[in-house]
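Biologist: Could you walk me through this model, one question at a time?

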Amino acid sequence: MQKVATFFDSYFAEAKAVLELIDAASAEAVAERLAVLRESHGRLFILGVGGSAGNASHAVNDFRKIAGIESYAPTDNVSELTARVNDDGWPTVFEEWLKVSRLSDRDAILVFSVGGGNLEKNVSPNLVKALDYAKRVGATVLGIVGRDGGYTAKVADACVIVPTVNDAHITPHSEAFQAVVWHGLVSHPKLKRRETKWESTP
């Protein structure tokens, strides 16, 4: 009897297709930039909205604990985030946070985003303004984004674009593969400084 294809048969097949199409060289370029960042004692600021904000929080832990890179996510402080949104508006929330942190040319921002920001469509204008600010101060700009990469891909020094294999699943694949790529980064021999728990447990 022939097996009936299920939703997850096709969904997992799409994930395999993403793995086959994603550009490993772009991920290596991000790793190289992060290695330089750490050696120069720079800081990493990870920016994301929605599900990507959750990923940013998780990634901060991994970059700090496993890779030894001083890292922060503005969305981890909900009091400051909501105060800025309430008082000053959504578009400037990340830019103003980075100003207080004195973002400089020694630092880097890493954008997690499905679309990468698009002012014309009024999608993630806060990412666009943060990117413009980072470029003005000379900070390194990195990204792990989906779709066509949006504004992040246009201005980044190194950027991984999660390929679109099904227009109906751009968001879940983009956010899932943010995790695949950042876990690969902290596992990279140029970045990994500390063994993870289960790999070091007999």
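Modeller: Happy to; we will talk about the sheet and then the aromatic rings. This is a predicted model, where local features need pLDDT of at least 70, side-chain atom pairs count only at pLDDT 80 or more, and totals for chains, interfaces and linings use all residues. Residues are numbered from 1 along each chain as its sequence is written, and side-chain values use heavy atoms, leaving out hydrogens and water.

Biologist: Which strands stand at the edges of the sheet?

Modeller: Strands here are DSSP runs (E, at least two residues), numbered from the N terminus, and two strands pair if DSSP finds at least two bridges between them. The open sheet has five strands with parallel pairing, in the order β2-β1-β3-β4-β5. Each edge strand has a single partner, so one side is left without a neighbour in the sheet: these are β2 (71-72) and β5 (158-161).

Biologist: How many bridges join β3 and β4?

Modeller: Strand β3 covers residues 108-113 and strand β4 residues 140-145. Within this pairing, Ile109 stands opposite Val141. The two strands run in the parallel sense, and the number of bridges is six.

Biologist: Are Phe112 and Trp182 buried or exposed?

Modeller: Rings of Phe, Tyr and Trp (its six-membered ring) pair if their centres lie within 6.5 Å; planes under 30 degrees apart count as stacked, over 60 as edge-to-face and the rest as tilted. Phe112 and Trp182 are stacked, at 5.7 Å centre to centre and 20 degrees between the planes. Buried means under 20% relative accessible area, exposed over 50%, and partly exposed in between (1.4 Å probe, protein chains only). By that rule, both Phe112 and Trp182 are buried.

Notes:
Helices (H or I, at least four residues) and strands (E, at least two) are DSSP runs, numbered from the N terminus.
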